[in-house]
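Colleague: I would like to learn how to read this model. Can we take it feature by feature?

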Amino acid sequence: MIMIEIDRDSVHPADDMDDHGVSVELSGNSDVSELLQIAQDACPLPKISGGKATWIIYAGDNDLHCLGVLAQQWSVPHFLISANEKINTIFTDQPAKLMFRYWCQSNPDDVLKALKNKTDLPSKYG
C-alpha cells in the first residue's frame, strides 16, 4: 500500500479558508486512472462559473513530473502517460504526492499541447 498526499491550488481568496490537502492509501498496483478518480473524490476540484477550468496534474514534490490535464469542460482527463501505468512506478523516485495546479480558464487543449511538446505553457490569464 502507498499513502499518497493530494492537494490542489486555490481558485480564489475565500477558497483559502479550508485546507485542501488529504491523504489516501492505495495499492501500488492501482493504475493512474484509478488514482485520479480517487483523488478527485477525496480532494474535489471546484466548479468554476462559466464552466471552464483547466487543471494540470503533477506527481511528486515539484512540477517536473506531469501526469496530464483535467478540464471542467472535458468528461475525462487527458494523460501524458498511460492511464494504465501502475502508481508504484510513478512514485519510485519521488514523494507520493499528487498536486492539481489551477491554470485558470486557459484552453485545456493548448495547455496539453504545450506539455506534450515541452514548450512554454499558455498564460493562465489570457
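Colleague: How much space lies in the largest pocket?

Modeller: Start with the general idea. Rolling a probe the size of a water molecule over the atoms shows where empty space is left. In this predicted model, the largest pocket holds about 230 Å³.

Colleague: Which residues lie nearest its centre?

Modeller: Q40, L45, K47, A71 and Q72. They belong to a lining of 14 residues. By class, that lining has 10 nonpolar, three polar and one charged residues.

Colleague: In what sense do β1 and β2 pair?

Modeller: Antiparallel, over five bridges. I2 has L26 of β2 as its bridge partner. On β6 (residues 97-102), the pairing with β1 is parallel, through four bridges. There, D7 stands opposite M99.

Colleague: Which residues have the most contacts inside the largest nonpolar core?

Modeller: I4, I6, W55, F91, L98 and F100, in a core of 28 residues. Elements giving two or more residues to this core include β1, β2, α1 and β6. α1 (32-42) gives the most, with four residues.

Colleague: What does I4 touch, leaving out residues up to four places away in sequence?

Modeller: Its contacts include V22, V24 and L26, along with L35, F91 and L98. A second, separate core has 10 residues, among them C66, V69, L112 and L115.

Methods
Residues are numbered from 1 along each chain as its sequence is written. This is a predicted model: local features need pLDDT of at least 70, side-chain atom pairs count only at pLDDT 80 or more; totals for chains, interfaces and linings use all residues. Side-chain values use heavy atoms; hydrogens and water are left out. Two strands pair if DSSP finds at least two bridges between them. On a 1 Å grid over the protein atoms alone, a cavity is a set of points where a 1.4 Å probe fits but cannot get out, and a pocket is an open set with protein on both sides within 12 Å along at least five of seven lines; lining residues have an atom within 4 Å of a point. Grid points are joined across faces, edges and corners, and a volume is the space filled by probe spheres set on the points. Ala, Val, Leu, Ile, Met, Phe, Trp, Tyr, Cys and Pro count as nonpolar, Asp, Glu, Lys and Arg as charged, and the others, Gly among them, as polar. A nonpolar core is a set of buried Ala, Val, Leu, Ile, Met, Phe, Trp, Tyr and Cys residues joined through side-chain atoms within 4.5 Å. Buried means under 20% relative accessible area, exposed over 50%, partly exposed in between (1.4 Å probe, protein chains only). Contact means heavy atoms within 4.5 Å.
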